[in-house]
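I opened this notebook to record what I looked up in the structure, entry by entry. Each entry takes one topic.

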Amino acid sequence: MALTKKQRATLREKFGGRCAYCGCELGEKWHADHIEHIGRTDWFARNGGKPQGHDYPERDTLENMNPACPPCNIDKHTFSLEGWRQVIQRSNDVLLRDVSTFRRAVRYGLVTLNSAPVIFYFERAAAHQATKEPR
Ligand SMILES: [Zn+2]
């Protein structure tokens with residue numbers, strides 16, 4: 001759906017002008033991410049690259065949108081949140097497997113690995129908000 005200027009401005013401020021996922025400050029170029037994807041990939045493939053509809057048109061709502069930086073939006077692609085979280089969580093394993101420069105950086109202590117769970121910014125923001133609310 002094409003957002004109005006006002007809807008877009010409201011969506012941008014959903015998490016204080018930050019990416020819902022990594023929490024970086026959104027610049028001029030940011031994306032309205034569909035939290036649950038609407039099936040654009042299949043849709044492009046089936047129609048020779050011509051946009052002709054969505055697999056899940058019912059998900060094309062403002063409520064199903066988060067503001068996202070372009071790298072997060074592109075990386076999330078058609079993953080569910082939990083599927084994408086697992087992909088991100090495996091980052092160190094993939095780097096250790098595939099990138100000798102990364103393995104060297106770890107060996108020499110330039111990079112310290114940790115296995116902290118991946119927590120999206122909107123989850124941290126929600127937890128923060130909950131602690132501020134009066135009981
Ligand atoms: Zn981001």
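**Entry 1: the strand pair**

I began with the pairing of the strands and found that S1 and S2 run antiparallel and are joined by four bridges. I note here that the model is a predicted one. Within the pair, I looked up His 31 and found that it stands opposite Ala 68 in S2. I then checked the two faces of strand S2, residues 65–68, and both are covered: Met 65 and Pro 67 are buried on one side, and Asn 66 and Ala 68 are buried on the other. I set beside this the general point that side chains in a regular strand alternate between the two faces of the sheet.

**Entry 2: the overall layout**

I listed the secondary structure of the protein, which comes to seven helices and two strands, and I wrote down the order from the N terminus as α-β-α-β-α-α-α-α-α. Of the 135 residues in the protein, 26% are buried. I also looked up the contacts with a separation of 6 or more, and 64% of them are between residues 24 or more positions apart.

**Entry 3: two polar residues in the strands**

What does the side chain of Asp 33 make a polar contact with? I located Asp 33 in strand S1, residues 31–34, and its relative accessible area is 2%, so I recorded it as buried. The partner I found is the side chain of Lys 76, at 2.9 Å. Leaving out residues up to four places away in sequence, I found that Asp 33 touches Tyr 21, Asn 64, Met 65, Asn 66, Ala 68, Asn 73 and Lys 76.

The side chain of Asn 66 makes a polar contact with the side chain of Lys 14, at 3.0 Å. With residues up to four places away in sequence again not counted, the residues that Asn 66 touches include Leu 11, Phe 15, His 31, Asp 33 and Phe 122.

**Entry 4: two loop residues**

I looked up Trp 30 in the loop between helix H1 (5–12) and S1, and with a relative accessible area of 7% it is buried. Beyond its neighbours within four places in sequence, Trp 30 is in contact with Arg 8, Leu 11, Arg 12, Pro 67, Ala 68 and Pro 70. I also noted that Trp 30 and Arg 18, 12 residues apart in sequence, are 9.7 Å apart from C-alpha to C-alpha.

**Entry 5: a helix packing**

At what angle do helix H5 and helix H6 pack? For H5 (residues 91–98) and H6 (residues 100–107) I read an angle of about 105°, with the axes 6 Å apart, and that makes H5 roughly perpendicular to H6. The contact is made by Asn 92, Leu 95, Leu 96, Arg 97 and Asp 98 of H5 together with Ser 100, Phe 102, Arg 103 and Val 106 of H6. I sorted the residues of this contact as four nonpolar, two polar and three charged.

Technical notes: Residues numbered from 1 in each chain as written. Predicted model: local features only at pLDDT ≥ 70, side-chain atom pairs only at ≥ 80, totals over all residues. Heavy atoms only, no water. Axes fitted to C-alpha atoms, helices over the stretch in contact; angles between N-to-C directions. Parallel < 35°, antiparallel > 145°, perpendicular 65-115°, else oblique. Contact = heavy atoms within 4.5 Å. Nonpolar A, V, L, I, M, F, W, Y, C, P; charged D, E, K, R; others polar. Buried < 20%, exposed > 50% of the residue type's maximum accessible area, 1.4 Å probe, protein only. Polar contact = N/O pair within 3.5 Å; in protein donor to acceptor, adjacent residues only side chain to side chain. Pairing = 2+ DSSP bridges.
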